[in-house]
Every structure is written in structure tokens, then in C-alpha cells.
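This briefing goes through one protein structure by topic. Please keep the sequence and the 3D view open while reading.

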Amino acid sequence: MARLIPRDMEVPCGVETERFRIRPITIHDTVKDYDAVMTSVDYLRGCLFSSPGWPSPDLTLMQDMIDLAWHQKEGQLRRSFAFAVMSLDERVQLGCLYIDPPSKEGIDAEVSMWVRASEANTGLDAELYETVRRWVDDEWPFDRVAYPGREYTREEWDDLP
């Protein structure tokens, strides 16, 4: 698989707002990530269509650690990037952000994100989306970015070549 960004480009390390911090996710986040995912299974299955069947209600802590290790390695290889959305004190993982290679023609990258179910009605999702859009526009080398589930319905996305 090809790199998503050039080898000589410094990988944007994240962004911070008054409400949250976005930073690369690592295996050291497993316990917080697992809590965020498992307390949000039904919510996440209803709002993410780029990963059908995820998360499984049978996900184990060890499987989540393997997933995070995979995300971490993919970032090192510059193939895709996963970021934790953390509370400013780093006590709670509020969500996750993924910057992936395109699966559709005519785009440079696909960006998806989620917030944990307990944040669904706090306005965090909209704030995260706006922050991520600005950050990707300002710091990443993409001209055409798709936000599946935000700019496209499932049907529209499925119909794209």
C-alpha cells in the first residue's frame, strides 16, 4: 500500500481546542479507547457506515490493543492515521478520528470520526467536525477530502465510483 502523505512531510501531530485535544492514538490508549468504544457500541454502529459491523459487542481488550497497534504502525508507515480525541486532562477518550486513503475515485483522503455516546448530545460532534475540517484544510496535503457520513448519505457514498 502506498503512503498517504509524502515521506519528507512532517506528520501533523494534532490540534487542541478549549474543549478537547486531538493527538495520535497509541497502544497506551487501549484502556481509555476500549471504554469509549464499549460504552458506545449501539451508538457507533448507528452513526459509522465506513466500518460495517464495527464495533463488535464481543470486542475484547486484547483485540482493541491489537487494533490500536495496527493504527499506530499504519501511521508510522504513513498509510493511514488514527487520532484519539481526548479530554484536556487526558482522563477520558471522547472519540476518535481517522484519515484514510481513498476508496472512491476523485478524492485524496477519507476522514471519519466519532464521539462516545455520552457526548452525543453535548455539541461535541459538531465542534469536532468543524475543528477537523479546518485542521485538515490547513495542515494536510490533500486537495479533495471526503467526509463519509457527513457530506454524503450512505446511498450517495455507495453510488460513488
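In this predicted model, Arg21 and Glu90 form a salt bridge, with their closest N and O atoms 2.8 Å apart. Arg21 belongs to strand β2 and Glu90 to the loop between β3 and β4, so the pair ties together parts that are 69 residues apart in sequence. Side chains of opposite charge can pair when their charged atoms come close.

**Salt bridges**

- The whole structure contains 11 salt bridges.
- Arg19 and Glu127 make one of these contacts through their side chains, at 3.1 Å from N to O.
- This pair also links distant parts of the chain: Arg19 sits in the loop between β1 and β2, Glu127 sits in helix α4, and 108 residues separate them.
- Arg19 is partly exposed at 29% relative accessibility, and Glu127 is partly exposed at 28%.
- Another salt bridge joins Asp29 to Arg23, where the closest N and O atoms are 2.7 Å apart.
- Asp29 and Arg23 are both buried.
- A network of salt bridges links Glu16, Arg21, Arg23, Asp29 and Glu90.

**Sheet and helices**

- Six strands form an open sheet with mixed pairing, in the order β1-β2-β3-β4-β5-β6.
- Strands β1 (15–16) and β6 (145–146) are at the edges and have a single partner strand each, so one side of each has no neighbour in the sheet.
- β4 (residues 93–100) pairs with β5 (residues 109–115) in the antiparallel sense, over six bridges.
- Within this pairing, Tyr98 has Ser112 of β5 as its bridge partner.
- Helix α1 (residues 30–38) lies across β3 (81–87), β4 and β5, and runs at about 95° to β4.
- Helix α4 (residues 124–139) also packs on the sheet, where it touches β1, β2 (20–24), β3, β4, β5 and β6.
- The direction of α4 makes about 155° with that of β5.

**Nonpolar cores**

- In soluble globular proteins, nonpolar side chains tend to be buried together.
- The largest nonpolar core here has 25 residues, and those touching the most other members are Ile22, Ile99, Val111, Val132, Val136, Trp140 and Phe142.
- At least two residues of this core come from each of β2, β3, β4, β5 and α4.
- Helix α4 supplies the largest share, six residues.
- Beyond residues up to four places away in sequence, Ile22 has contacts that include Val15, Phe83, Val85, Leu97, Leu128 and Val132.
- There is a second, separate core of 12 residues, with Ile25, Ala36, Leu68 and Cys96 among them.

**Val11**

- Val11 is in the segment before β1 and is partly exposed, with a relative accessible area of 28%.
- Leaving out residues up to four places away in sequence, Val11 touches Ile5, Arg78, Phe81 and Trp140.
- Between Val11 and Arg144, the C-alpha to C-alpha distance is 18 Å, and the two are 133 residues apart in sequence.

**Cysteines**

- How many disulfides does the structure hold? It holds zero.
- For Cys13, the nearest cysteine sulfur is that of Cys96, 16 Å away, whereas a disulfide needs two cysteine sulfur atoms within 2.5 Å.
- Is Cys13 buried or exposed? Cys13 is exposed, with a relative accessible area of 58%.
- Cys96 is buried, at 2% relative accessibility.

Notes. Residues are numbered from 1 along each chain as its sequence is written. This is a predicted model: local features need pLDDT of at least 70, side-chain atom pairs count only at pLDDT 80 or more; totals for chains, interfaces and linings use all residues. Side-chain values use heavy atoms; hydrogens and water are left out. Buried means under 20% relative accessible area, exposed over 50%, partly exposed in between (1.4 Å probe, protein chains only). Two strands pair if DSSP finds at least two bridges between them. Helices (H or I, at least four residues) and strands (E, at least two) are DSSP runs, numbered from the N terminus. Contact means heavy atoms within 4.5 Å. Axes are lines fitted to C-alpha atoms, for helices over the stretch in contact, and angles run from 0 to 180 degrees between N-to-C directions. A nonpolar core is a set of buried Ala, Val, Leu, Ile, Met, Phe, Trp, Tyr and Cys residues joined through side-chain atoms within 4.5 Å. A salt bridge is a side-chain nitrogen of Lys or Arg within 4 Å of a carboxyl oxygen of Asp or Glu.
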